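Have a look at the sequence and the model first, then read on by topic.

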Amino acid sequence: MKSLTALADVFFDNLRLTDAGDPVRAESDKVCFRKSLERFLSSGSKEDAFVVYFCFSEIFKLFGEGYDNTQKLLEMLSDHEYHSGELLSKHRDHYSHSVYAFALGLAVYAGDPVYRKVFNGFYGAESDEAAYYKFLHLWGMSALFHDIGYPFQLAHEQIKNYTEEIWGKKNPLNPFVSFGNLENFTAIPKPAAERIKTKLGLKKEFSNLDELLAYGLTLREGYDEKTVTELLRQRILHPAQFMDHGYFSAVILVKQLLAQDGFRFDREVLDVLTAILLHNSLNKYDLPASHPIALEEHPLCYLLMLCDELQNWDRLAYGKISKRDPIAWDIELEIRENEVKAKYVFESCAITDEHGKKRLNKAFEEIQDGEFVRKIKTYVSSNLTLIADAVEKPKNKKANLYASDNNFINLCDFAKAIHVSYLEFCNEMDVKRINESFEKLPLEFKVSNIEQAKSYAYKLELINCFYSSKDLDYPVVEDFKTTKFGLVGSDNLGFLCREEHVRWVKEKLNMGWKYGTDYENGAERNAKKIHKDIVPFEALSEYDRKKDEVMINNIIPLLKKFGNNIRIYSYRTGRKPDLEIAGMGHRFFIDDREQLKAKIKKVLLKYNEDYRLIVRTCFAYGADQLIAECANELGITTKAVIPAEYEDYIKVVREDCIANGHPFTEEDELRMRHLLAQTVVCKVVADPEFFYLKASEYVLNKCSKFIVLWDGVKLPLYDEKDGGKFINRGGTYHCIELAQQKGLTLNDDIHVIKCHR
C-alpha cells in the first residue's frame with residue numbers, strides 16, 4: 001500500500017497545464033501546485049490547505065483574477081467552523097477535509113483506468129493531456145468547493161442543538177431556523193439567464209437557481225424536473241430536523257460564477273453544481289425514486305460522494321460527541337483497475353467512554369465489521385471493489401501548531417508585506433499599491449511569500465514571540481533589534497535572518513532549484529532555476545545579508561498598514577530547551593544508506609520530543625553528510641563546523657574521495673553544497689596539522705549528545721615505531737575517546753551506529 005501523497009503524485013506526473021500559455025510558467029505553476037499539495041498531505045494543517053486553494057484559484061481564476069476573489073468564500077467557511085463548531089454536539093472540519101477529498105480524487109483518476117476511461121468518454125477529452133487538465137479543473141471545483149455552504153447548516157444546527165439541550169431531542173415544541181428572502185437569493189438576473197439559456201442550447205429560460213439545478217438533475221439522473229424544483233424550495237423553507245449544506249454550497253458557487261462577466265456556463269459546470277448539490281443528503285434521503293449515483297451517469301457526482309465518504313481520517317473534531325470517538329489519523333491506499341483498498345490507521349481501537357468503561361471506537365468498529373463500506377455502496381453504484389480495513393499504530397504526525405494567529409487574512413497580508421519589504425521605499429506604499437505589486441508576481445513567488453509568512457509562527461517561537469490580531473496582555477515588540485526578548489542579550493535580528501535564509505534554501509531545493517552562477521539576469525536565473533545564493537549564510541555577500549535585515553525590520557510597520565491589528569508579542573517565559581547533538585563517523589562505508597538513515601532518525605526523534613534539536617557536524621564525506629541529511633529531512637536545525645574555507649573545503653573533500661578510490665561527481669558536489677546551504681551557521685575552525693581535529697573538538701565541546709557511525713575498530717592513537725608520534729587524530733575512534741573524556745557515556749550520551757568500512 002502507498003501514501004496518498006505518492007498516489008496523487010502520479011496524477012501530477014501526467015498533468016500538463018495546457019491552457020496556461022507560457023510553457024515555462026505553466027511548468028512552474030504545476031510544480032508549485034504539486035509541492036503545496038504534498039506539504040498539506042504531510043501536515044494536514046489548515047494553513048497548508050489554504051495554499052492548495054490559493055494555487056488552484058490562481059491557476060484557474062474561477063471568479064476573475066486569482067485568489068483575492070475566492071478569499072472571503074473560503075475564509076468564512078474556516079472561521080465559522082473554528083468559532084461555531086464547538087457549540088455543536090457533532091461536527092468535524094470541512095475546510096482541510098475538502099483538500100484531502102480533492103487529493104483522493106486525483107489518486108483515483110490516475111490510478112483507476114476504469115474511472116478514467118468513463119470520465120474521459122463522458123466529457124469527450126481529445127487527448128490524455130487534455131483529459132488530465134479537464135479533470136483537474138472540474139474535479140477541483142467540485143471537491144474544493146463542495147462544503148462552502150456549511151455556515152448555513154451551522155446556523156441551523158446551533159439553534160437545534162441549543163433547544164435540544166434544554167427541552168430534549170425531537171420535542172415537537174422546539175423551534176427551528178429557516179432562511180427568508182430566498183426568492184431574491186436564488187433569482188437569476190435576466191442577462192445571466194439569457195447567457196445560460198444560450199450556452200446550454202435550450203429554448204426555455206430559468207428564473208431561479210432551483211429551476212436550474214433541477215434541470216441539471218433531470219439531465220443526468222432522470223428525476224422529474226418539476227418535482228425536484230418544488231422539493232428544493234420546500235426543504236430549505238421547512239427544514240425542521242436538517243439543513244442541507246450541499247444545496248447552499250451549490251447555490252453560493254453558481255452565484256459567484258455568474259457574477260463574473262463572460263463566465264463560460266455549460267453542462268460541465270452544471271455537472272459540478274449538481275455533484276455538489278447531491279453529495280450530502282438530497283439523493284441519500286429526500287428525492288422521490290432516488291437511487292445510488294452510477295459512475296456512468298454522473299462521473300463527477302459519483303467520485304465526489306465516494307471521496308467524501310472515504311475521507312474519514314485526520315479531521316479536526318469540534319463537537320463534543322465527535323471528539324469522543326477519534327477517527328483515523330492516517331490512511332494507506334492501493335488504487336488500481338476497478339479497485340480501492342483503504343487501510344485506516346488509528347492511534348487506538350478502544351476508548352474510555354463517559355462512564356469510565358472501555359469500548360471499541362465506533363469509527364474503528366464500523367470499518368472492521370463492514371458497515372463503513374456497506375453504507376458507501378448505498379450511495380454510489382459501480383463495479384468497483386471497495387475494501388476497507390482498520391489498524392492500530394502510534395501516532396507520529398505532529399500538529400505543528402504555534403501560538404501565532406494564523407488566520408487567512410493574516411497570512412495573505414503577511415505575505416504581501418514580506419514581498420514589498422524587499423522593495424525600495426516600501427514604507428511609502430499604500431495598501432492598493434502593495435496589492436498591485438503582489439498580484440504581478442508569478443505563482444511560485446506568491447506562494448514563496450506565503451510560505452515565508454507561515455514560517456513566522458515557527459521562527460517567532462524560537463525567540464519567544466508570536467503574532468496575533470487580538471489585543472493581548474503581552475509585551476508588544478516594536479522592532480527586532482531589541483535584546484529584551486528571546487534569549488536575553490542575543491542577536492534576534494541576526495537569528496531571524498539566518499533562519500529565513502535556511503527556510504528559503506530549503507524551499508528552493510524543494511521546488512527543483514540548484515546552486516549555480518551561470519545567468520546574467522533574473523529572468524534567465526528563474527528559467528534555469530539556479531541561484532548563486534544557495535550557499536551558507538556566511539557565504540552570502542554583505543548586500544544580500546543586509547537585504548534580509550531590511551526585510552525583517554520592515555515587517556512590523558508594513559503589517560500596520562493593512563488595518564488587521566496584527567502585532568508581534570513577546571512571551572514572558574521561555575521556549576523548550578535546546579539540545580545540541582554531534583554527528584560524526586567514517587567517510588567511506590559499504591552499508592546500505594537507507595538502513596543507516598533509519599537508525600540515525602530513530603535517535604534524533606527520541607530527543608526531538610522534549611528539545612529543540614541542533615545537529616552539529618563537520619560535513620565530511622560519508623557519515624557527517626548522512627547525519628545532516630537525516631536532520632534536514634526531519635526539519636531539525638543543522639550547524640556546520642568546517643576545517644577550511646568554504647570553497648577550499650569542497651575541493652579538499654573532492655580530492656580526498658578520489659585519493660580513496662571514490663568518485664566525487666558533480667552531483668556529489670551539488671549535494672554537499674546544498675547541505676551546507678541549509679545550515680544556520682557555517683563556522684570555519686582550521687587545523688593545519690590534523691585537519692579535522694580542531695573542528696571535531698569544537699563540535700564535541702558544544703554538544704551534550706553524540707551520534708557516531710563506527711565499525712568498532714579501535715585504531716592506535718600513537719605510533720610506537722616512530723617515537724610515540726600522534727596518529728589518527730580527529731578520526732572516528734579518537735572522537736569517541738574525546739567525547740568520553742568530556743564526560744559523555746556510551747549508550748546514554750554516545751549513540752554508536754554500527755557500520756562497516
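Thr 617 touches Gly 583, Asp 624, Ala 628, Lys 639, Ala 640 and Val 641, leaving aside residues up to four places away in sequence; contact here means heavy atoms within 4.5 Å. This is a predicted model, in which local features need pLDDT of at least 70 and side-chain atom pairs count only at pLDDT 80 or more, while totals for chains, interfaces and linings use all residues. Residues are numbered from 1 along each chain as its sequence is written, and side-chain values use heavy atoms, with hydrogens and water left out.

**Around Thr 617**

- Thr 617 is found in strand E13; helices (H or I, at least four residues) and strands (E, at least two) are DSSP runs, numbered from the N terminus.
- Thr 617 counts as buried because its relative accessibility is 0%; buried means under 20% relative accessible area, exposed over 50%, and partly exposed in between (1.4 Å probe, protein chains only).
- The side chain of Thr 617 makes a polar contact with the side chain of Asp 624, at 3.4 Å.
- A polar atom of the Thr 617 side chain also lies 3.5 Å from the backbone nitrogen of Phe 619.
- A polar contact is a pair of N or O atoms within 3.5 Å; within protein, one must be able to donate a hydrogen and the other to accept it, and residues adjacent in sequence count only if both atoms are side-chain atoms.

**The sheet and its helices**

- E13 belongs to an open sheet of six strands, ordered E15-E14-E13-E12-E16-E19, with parallel pairing; two strands pair if DSSP finds at least two bridges between them.
- Strand E15 (681–684) and strand E19 (750–754) are at the edges with a single partner strand each, so one side of each has no neighbour in the sheet.
- From one strand to the next, the twist averages 20 degrees.
- Five bridges join strand E12 (residues 578–585) to strand E16 (residues 705–710) in the parallel sense, and Ile 581 stands opposite Lys 705 in E16.
- Helix H27 (residues 623–633) packs on the sheet, where it touches E12, E13 (612–617), E14 (637–642) and E16, and its direction makes about 145 degrees with that of E12.
- Helix H31 (residues 732–742) lies across E12, E16 and E19, at about 155 degrees to E16.
- For these angles, axes are lines fitted to C-alpha atoms, for helices over the stretch in contact, and angles run from 0 to 180 degrees between N-to-C directions.

**Nonpolar cores**

- The largest nonpolar core has 212 residues, and Leu 37, Phe 265, Tyr 344 and Phe 706 touch the most other members.
- Helix H5 (residues 95–111) gives this core its largest share, twelve residues.
- Another core, of 20 residues, lies apart from it and includes Leu 596, Cys 630, Ile 636 and Leu 709.
- A nonpolar core is a set of buried Ala, Val, Leu, Ile, Met, Phe, Trp, Tyr and Cys residues joined through side-chain atoms within 4.5 Å.
- Not counting residues up to four places away in sequence, the contacts of Phe 706 include Ile 581, Met 584, Leu 700, Ile 736 and Ile 750.

**Salt bridges**

- The count comes to 54 salt bridges, each being a side-chain nitrogen of Lys or Arg within 4 Å of a carboxyl oxygen of Asp or Glu.
- Glu 629 and Lys 597 meet in a salt bridge through their side chains (2.7 Å, N to O).
- Because Glu 629 lies in helix H27 and Lys 597 in helix H26 (residues 593–608), the pair ties together parts that are 32 residues apart in sequence.
- Glu 629 is buried at 14% relative accessible area, and Lys 597 counts as buried at 5% relative accessibility.
- A network of salt bridges links Arg 593, Glu 594, Lys 597, Lys 601, Glu 629, Glu 633 and Arg 671.
- Glu 371 forms a salt bridge with Arg 374, with the closest N and O atoms 3.2 Å apart.
- Both Glu 371 and Arg 374 lie in helix H19 (residues 371–379), three residues apart, about one turn of the helix.
- Glu 371 counts as partly exposed at 30% relative accessibility, as does Arg 374 at 47%.
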